[in-house]
Amino acid sequence: MSVAIPAAGRARRRRVIPGFGLSLGTTLLWLGLIVLLPLAGVFIKSAGLGWHGLWAVWTDPRVLAALRVSFSTALAAAAFNAVAGTLVAWVFVRYDFPGKRLFDAVVDLPFALPTAVAGIALTQLYGPTGWLGRWLEAGGLKVAYTPLGITVALVFIGLPFVVRVVEPVLAEVESELEEAAASLGAGRLRTVAQVVLPTVWPAVLSGFALAFARGVGEYGSVIFIAGNLPGVSEIAPLLITIKLEEFDYAGATAIAAAMLLLSFVLLLVINTLQARLARRGLKVPA
């Protein structure tokens, strides 16, 4: 004798994740408290200035210069890391060499190293009297206390994001596809360009986005090597700190709101490009 199972019972039986409703509610609650609520506070506080007040802060030459330095150096460092990080990941996946484990651990060093320590070390290295800085300046290239120095610091802290995102995707690329391309007469460069790169492009974009997001808000590793010259090498996070020290909380949150909006737009463009690549049948890293 068969017993009919109600529709609600069948829906519960088909649910794969136990406690999905509770876990989803808890996730949304924590997301709202930890992420959305602070972000809403930034916009609410800055809204107290009114539209004209916000526009006055956003169009201030010092603020515009700081935003330009922060975003341009973060984009440049992320672009460099997208290339260099992919090459490093390729070497770690495809080759065995002495000291591989050591170099693999060194890649993760910026994750564990305090950012202030990294900034001091880079300043000592690239400063006017540093081991490399003195020789670079003798050749006409000044690194420390310039936007170039900021970019170097952001490259240092952003490289692991690209390497660790691209590395597992490269490890999953089937070598049979490369062998098939080679058997059909494709050269090494053509095989990499038409077989390997289309597979790892979404991962490279993910690493680029992570490195860029980290670089825009970076403070500790940049503050020492930047020089903090208004209009030249002053970053937006430092300007926010200066506003807070002057008890100009509305002005600080207005700059923070501008950074949030600009970052959101850029990340939205990157994620849209990544989604288009995924719709073309490419693999997107989890």
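In the predicted model, a salt bridge joins R62 to E234, with the closest N and O atoms 2.7 Å apart. R62 belongs to helix α4 (residues 61-94), whereas E234 sits in the loop between α12 (220-226) and α13 (236-245), so the contact ties together parts of the chain that are 172 residues apart in sequence. The two partners fall into separate accessibility classes: R62 is partly exposed, at 34% relative accessibility, while E234, at 2%, is buried.

A further salt bridge connects R164 with D108, and here the closest N and O atoms are 2.8 Å apart. This pair likewise links distant parts of the chain, since R164 is located in helix α9 (residues 147-172) and D108 in the loop between α5 (100-107) and α6 (109-112), at a separation of 56 residues. R164 has a relative accessible area of 24% and is therefore classed as partly exposed; D108, with a relative accessible area of 28%, is also partly exposed.

The side chains of E218 and R214 form another salt bridge, at 2.9 Å from N to O. In this pair E218 is buried, with a relative accessibility of 6%, whereas R214 is partly exposed, with a relative accessible area of 23%. With a side-chain nitrogen of Lys or Arg required to lie within 4 Å of a carboxyl oxygen of Asp or Glu, the count for the model comes to seven salt bridges.

Terms used:
Residues are numbered from 1 along each chain as its sequence is written. This is a predicted model: local features need pLDDT of at least 70, side-chain atom pairs count only at pLDDT 80 or more; totals for chains, interfaces and linings use all residues. Side-chain values use heavy atoms; hydrogens and water are left out. Helices (H or I, at least four residues) and strands (E, at least two) are DSSP runs, numbered from the N terminus. Buried means under 20% relative accessible area, exposed over 50%, partly exposed in between (1.4 Å probe, protein chains only).
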